[in-house]
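Please look over the model shown below before turning to the notes that follow.

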Amino acid sequence: MNDHEKSHTVVVPAKLRNKEAEAQAEATADGVEGRTVLKGNLTKGNMYRTQSRESMTNALGRVREAAKRHRKMRFTALLHHVTIERLTNAYGKLRKRAAVGVDGVTWDEYGQRLEENIRELHGRIHQGGYRPQPSRRVFIEKADGSQRPLGIAAVEDKIVQRAMTEVLNAIYEEDFLGFCYGFRAGKSQHDALDALSTALYRKRVSWVLDADIRSFFDRVGHEWMQKFLEHRIGDQRVVRLILKWLKAGVMENGEWSESESGTPQGGTISPLLANIYLYYAFDTWAHQWRRTRARGEVAIVRFADDFIVGFEHRADAEQFQKELVERLRKFGLELHPDKTRLVEFGRYAAERRAKRGKGKPETFRFLGFVHICAENRKGWYQVRRMTDPKRMRRKLQEIRKELKRRCHDPVPDQGKWLRSVIRGFDQYHGIPGNIQALDAFRHGIFWLWRNALKRRSQRHRITIARMVRLSRQWFPRASIVHPWPDQRFDAKTQERNRMR
């Protein structure tokens, strides 16, 4: 039996079969620290003699089914799923106009000899000769004015990372808890927002912990990452490959620097690694805490390193926050002191604060929206969401700079571009109750465009009447494109509780 045939052999321990119910229990981070090794392989099936898209799907389907049935199984043969076909498909899914890495190779240039390049890359991966290149570091400005470092990988590294992400997702999508929404297939930012709004409305939430982990992607510990991976991944070739990406370092201004911790933002596999790290460092602990320690209801929604936790009792909220600090410190993480707040929020927040002689309930920000305790026209409690003013100002500043660059383009070309920008803004921010923000965004663009057109000539004739005609011609009408959050939440979950 050769190595390829061994990789498809079934190895399911008898103890796992006899104790299947016990194996369904969710693994905790404490279990990882004192890891119990359970060997296991994916179920064998009728494999095609020549690889095809259908055979790849079936193979990962068996991995997914094994991961679902045996929550403590370690998969000892995974690298063979990184096939030539999967690498080719990964190349096709990359952004064609993305920034280049340190090698300067573009998507088009790599594709000129695609079949030969992929075959040679596949050989190096399975023969142990693949060496990832350092990431090219660039900085983008954040909403608070600080700089966010991004690591731009080479095309070849992006291909391998995307293929490996597809393989690992077959396992970890069965492990991740329902309140984890960031960078997962079938889940989006609006799914997280829907779950949060539904929880704030339906559950007995009186206090909200708005938490943010400081510089999370820079503080991911490589040793802890390896331990977390080895809890499920017994194929050391896969573990070593991931560690190579983490330790490849970065290139900045032509100088290489070693990466002793962290995972570069911008890497294809970084979001998955972040979810794995936080699954063991936060998710399993928080889920266990609310089941065993909390006196009242607790609702959790996490998107990447930003998470919101709602509590029925203030004592629970304060105790959770205190223990969370210690929990994160254990894994080299810490809460951002300026972005982490405990806010009184919920159905009775306004009434209780009024009795204490305080003003309106505080608000909190999550995924670009400000969440507000409000009332509808009938006087009933409602969670109102409006676009974060800081995010809108930042977007308008970007548009102003781009209009300056496009200053001498024909007016119709500018109008078409602005129409696409407005539609993109509406696709994210067009939620019920946010029509005023959509109108304000158009109003801001109206004046930015007028000022840009006026600068084209000292003898301009850009009157208000003309700008009104241009805006009517090119600006789409403000409209709500998203349904009410509880309606979509119930439709997607079929009224099953996904706030677990």
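A salt bridge is here a side-chain nitrogen of Lys or Arg within 4 Å of a carboxyl oxygen of Asp or Glu. By this rule the count comes to 30 salt bridges, and one of them joins the side chains of D490 and R202, with 2.6 Å from N to O. This is a predicted model, in which local features need pLDDT of at least 70 and side-chain atom pairs count only at pLDDT 80 or more, whereas totals for chains, interfaces and linings use all residues. Residues are numbered from 1 along each chain as its sequence is written, and side-chain values use heavy atoms, with hydrogens and water left out.

**Salt bridges**

- The pair of D490 and R202 links distant parts of the chain, since D490 belongs to helix α21 (residues 485–493) and R202 to helix α10, 288 residues apart; helices (H or I, at least four residues) and strands (E, at least two) are DSSP runs, numbered from the N terminus.
- D490 is buried, with a relative accessible area of 19%, while R202 is partly exposed at 42%; buried means under 20% relative accessible area, exposed over 50%, and partly exposed in between, with a 1.4 Å probe and protein chains only.
- R302 forms a salt bridge with D283, the closest N and O atoms being 2.8 Å apart; this pair also links distant parts of the chain, R302 in strand β8 and D283 in helix α14, 19 residues apart, and both R302 and D283 are buried.
- Between D388 and R365 there is a salt bridge whose closest N and O atoms are 2.9 Å apart; D388 lies in the loop between β13 (381–387) and α17 and R365 in strand β11 (residues 364–366), so the pair ties together parts that are 23 residues apart in sequence.
- D388 is buried, with a relative accessible area of 10%, whereas R365 counts as partly exposed at 39% relative accessibility.

**Overall make-up**

- The chain contains 21 helices and 13 strands, and 50% of its 500 residues count as buried.
- Among contacts (heavy atoms within 4.5 Å) between residues at least 6 apart in sequence, 73% join residues at least 24 apart.
- The accessible surface of the chain, calculated by the Shrake-Rupley method with a 1.4 Å probe, comes to about 25800 Å², of which 46% belongs to carbon and sulfur atoms.

**Two loop residues**

- S206 is placed in the loop between α10 (189–202) and β5 (207–212), and S206 is buried, with a relative accessible area of 11%.
- Leaving aside neighbours within four places in sequence, S206 is in contact with F311, E312, V343, E344, F345 and R352.
- G296 is found in the loop between α14 (270–292) and β8 (298–303), where G296 counts as buried at 16% relative accessibility.
- G296 touches E312, H313 and D316, not counting residues up to four places away in sequence; the C-alpha atoms of G296 and D316, 20 residues apart along the chain, are separated by 7.6 Å.

**Charged surface patch**

- R400, K401, K404 and R455 form a positive surface patch; for such a patch, like charges are joined within 9 Å among residues with over 30% relative accessible area and no salt bridge, and Lys and Arg count as positive.
- Within this patch, K404 lies in helix α17 (residues 389–405) and is exposed, with a relative accessible area of 67%.

Methods:
Patch = residues over 30% accessible without salt bridge, like charges linked within 9 Å, V, L, I, M, F, W, Y side chains within 5 Å. Charge placed at Lys NZ, Arg CZ, Asp CG, Glu CD.
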